[in-house]
Amino acid sequence: MKKLKSWLYALAIAIFSALLVSFAYDIEQGTSIELSSTQVGKQKILMFFADLFGLKGSIFVAILATGTALYYAIRQHFVKTK
């Protein structure tokens, strides 16, 4: 179960990283971003960080976070559990 959980975390981090880069791109292009009807708080947080980091910073953070999560998931996958 621990191995599956680490893969699910890696997937979630990859999705949020893609959203971060997408929001940063839209903010840089001047495109208005409509708030969703659900998860408004998470969307505002991602928009804040996308605006703070800019497009290049968001890409760097996304690569770093996703790479770290994938490394951890792969590492956990090959560790023998007791």
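## Ser17 and its contacts

Ser17 touches Ala62, Ala65 and Thr66, with residues up to four places away in sequence not counted; contact here means heavy atoms within 4.5 Å. This residue, Ser17, is found in helix 1, where helices (H or I, at least four residues) are DSSP runs numbered from the N terminus. Ser17 has a relative accessible area of 7% and is therefore buried; buried means under 20% relative accessible area, exposed over 50%, and partly exposed in between, with a 1.4 Å probe and protein chains only. Between Ser17 and Ala65 there are 48 residues in sequence, yet their C-alpha atoms are 7.5 Å apart in space.

The structure is a predicted model, in which local features need pLDDT of at least 70, side-chain atom pairs count only at pLDDT 80 or more, and totals for chains, interfaces and linings use all residues. Residues are numbered from 1 along each chain as its sequence is written, and side-chain values use heavy atoms, with hydrogens and water left out.

## Packing of the two helices

Two packed helices are described by the angle between their axes and the distance between the axes. Helix 1 covers residues 2–29 and helix 2 covers residues 40–78; they pack at an angle of about 155°, and their axes are 6 Å apart. The axes are lines fitted to C-alpha atoms, for helices over the stretch in contact, and angles run from 0 to 180 degrees between N-to-C directions. Helix 1 and helix 2 are therefore roughly antiparallel to each other. On this scale, angles under 35 degrees count as roughly parallel, over 145 as roughly antiparallel, 65 to 115 as roughly perpendicular, and the rest as oblique.

The crossing of helix 1 and helix 2 is left-handed, a term used if the near helix is turned anticlockwise from the far one by less than a right angle, with right-handed used if clockwise. By class, the contact of helix 1 with helix 2 has 26 nonpolar, eight polar and five charged residues. Ala, Val, Leu, Ile, Met, Phe, Trp, Tyr, Cys and Pro count as nonpolar, Asp, Glu, Lys and Arg as charged, and the others, Gly among them, as polar.

Thr66 has its place in helix 2. Its relative accessibility is 17%, so Thr66 counts as buried. With neighbours within four places in sequence left aside, Thr66 is in contact with Ile13, Ala14 and Ser17.

Ser6 lies in helix 1. Ser6 counts as buried because its relative accessibility is 6%. Apart from neighbours within four places in sequence, Ser6 is in contact with Tyr72, Ala73 and Gln76.

## Partly exposed positions

Phe16 is placed in helix 1 and, at 38% relative accessibility, counts as partly exposed. With neighbours within four places in sequence set aside, Phe16 is in contact with Lys42 and Leu46. Ile27 also has its place in helix 1 and counts as partly exposed at 30% relative accessibility. Not counting residues up to four places away in sequence, Ile27 touches Ile33, Met47, Ala50 and Asp51. Ile27 and Met47 are 20 residues apart in sequence, and the distance from C-alpha to C-alpha is 8.4 Å.

In helix 2 is Gly57, which counts as partly exposed at 22% relative accessibility. Gly57 and Ala24 are 33 residues apart in sequence and 9.0 Å apart in space, C-alpha to C-alpha.

## Aromatic cluster

The structure holds two aromatic pairs. Rings of Phe, Tyr and Trp (its six-membered ring) pair if their centres lie within 6.5 Å; planes under 30 degrees apart count as stacked, over 60 as edge-to-face, and the rest as tilted. The ring centres of Phe48 and Phe49 are 5.3 Å apart and the planes are at 70°, so this pair is edge-to-face. Phe49 and Phe53 form a stacked pair, with 5.8 Å centre to centre and 25° between the planes.

Phe49 and Phe53 both lie in helix 2, four residues apart, about one turn of the helix. Phe49 is partly exposed, with a relative accessible area of 34%, and Phe53 is partly exposed, with a relative accessible area of 35%. Phe48, Phe49 and Phe53 form one aromatic cluster.

## The connecting loop

Gln39 is found in the loop between helix 1 and helix 2. Most residues other than glycine have a negative phi. Gln39 has a positive phi of about 60° although it is not a glycine.

Technical notes
Helix = DSSP H or I, 4+ residues; strand = E, 2+ residues; numbered from the N terminus.
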